[in-house]
Amino acid sequence: MDSKSFNSYFPEEINTYKELGGLYLKLFNQINNKVFDYPQDTIRLLLGYNALLISRSFWELKEGYVGVSMLILRSALENLVHSMYFLEYPETEKEIRERHENNFINIRDLRPKKYRNGWQVEGELKRIDEEGTIFPKNGWYQKIYKNIIEELNFFVHTNPDYIYTTIYQQNGEDITLQLGPNYKEERFIKNAFQKIIEVQEYTIGILDKTFKEDIQDNSPQILKAAIKKTNKWKLDYHKK
């Protein structure tokens, strides 16, 4: 596989990716020129930036740089979780906005003490699960942190064993390090692609929930069809 044959290996995923990208733009265009109060304005900024991050993550994956792709995707997930948290707890967004010009503010310091351990998005998702009232009790910590972010963390923190499995190339009995593009096995790349699609789904869902009064047409059938395919992939992936 190479960048030229990437499309032929993943036609269904590429179609889903494009459909979700079109849906995102459709939703965002309905709120792009409107004036919003906070925290909605901050959330629009974070989720708007996700369009760039997700697009770049896709192109890096297509070019064979899966590690770089997943690093970028992790930043998009951070924006996504902050958006959820600010919608649930607007007082946190307000305090950060009012104090950030003169002081470095760590969101962790503004959470209740029981949610300050670990990476900041970890505590945010736990609090949303346990105390939130806007998002349904769907186990967000498990879905987003345990199922996606923890895997992406392998690409962030230096782990020689994991880096080795990411860039090695098997040539018969010989093993060499592939320092350029490396597509490895199809299933490995497809799993990374599915992570990108899943982040698209969450971004669209949170965008729609935050601005539900301003979005007139959210084409729910597109998102539902994509989520159905994602759930099917997860079942198939974990069976093997």
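User: Is Lys 26 buried, exposed or partly exposed? What is its relative accessible area?
Analyst: In this predicted model, Lys 26 is partly exposed, with a relative accessible area of 32%.

User: Which side chain does Lys 26 meet in a salt bridge?
Analyst: The partner is Asp 217, and the N to O distance between the two side chains is 2.8 Å. Lys 26 belongs to helix H2 (residues 11–29) and Asp 217 to the loop between H9 and H10, so this pair ties together parts that are 191 residues apart in sequence. Asp 217 also counts as partly exposed, at 37% relative accessibility.

User: How many salt bridges are found in the whole structure?
Analyst: A search of the whole structure gives 11. One of them joins Glu 131 and Arg 127, at 3.0 Å from N to O. These two residues lie four residues apart in helix H6 (residues 120–131), which means that about one helical turn separates them.

User: Arg 127 and Glu 131: buried or partly exposed?
Analyst: Arg 127 is buried, with a relative accessible area of 10%, whereas Glu 131 is partly exposed at 37%.

User: Changing topic, where is Glu 201 found?
Analyst: Glu 201 is part of helix H9 (residues 186–210). Glu 201 is buried, yet has no salt bridge.

User: Why does Glu 201 have no salt bridge?
Analyst: The nearest side chain of opposite charge, Lys 234, is 6.6 Å away.

User: What is Glu 201 in contact with, then?
Analyst: Leaving aside neighbours within four places in sequence, Glu 201 is in contact with Leu 20, Leu 223, Ala 226, Ile 227 and Thr 230.

User: Which residues lie nearest the centre of the largest pocket?
Analyst: Glu 201 is one of them, together with Trp 140, Tyr 202, Gly 205 and Ile 227. The lining of this pocket has 24 residues, and the space in the pocket is about 520 Å³.

User: Which helix gives the largest share of that lining?
Analyst: Helix H9 does, with eight residues. Helices H7 (140–156) and H10 (220–239) each supply at least two residues as well. By class, the lining has 11 nonpolar, six polar and seven charged residues.

User: And Ile 196, buried or exposed?
Analyst: Ile 196, which lies in helix H9, is buried, with a relative accessible area of 0%. The C-alpha atoms of Ile 196 and Ile 54 are 6.7 Å apart, although 142 residues separate the two along the chain. Beyond its neighbours within four places in sequence, Ile 196 has contacts that include Tyr 17, Ile 54, Phe 58 and Met 70.

Conventions: Residues are numbered from 1 along each chain as its sequence is written. This is a predicted model: local features need pLDDT of at least 70, side-chain atom pairs count only at pLDDT 80 or more; totals for chains, interfaces and linings use all residues. Side-chain values use heavy atoms; hydrogens and water are left out. Buried means under 20% relative accessible area, exposed over 50%, partly exposed in between (1.4 Å probe, protein chains only). Lys and Arg count as positive and Asp and Glu as negative; His and the chain ends are not counted. A salt bridge is a side-chain nitrogen of Lys or Arg within 4 Å of a carboxyl oxygen of Asp or Glu. Contact means heavy atoms within 4.5 Å. On a 1 Å grid over the protein atoms alone, a cavity is a set of points where a 1.4 Å probe fits but cannot get out, and a pocket is an open set with protein on both sides within 12 Å along at least five of seven lines; lining residues have an atom within 4 Å of a point. Grid points are joined across faces, edges and corners, and a volume is the space filled by probe spheres set on the points. Ala, Val, Leu, Ile, Met, Phe, Trp, Tyr, Cys and Pro count as nonpolar, Asp, Glu, Lys and Arg as charged, and the others, Gly among them, as polar.
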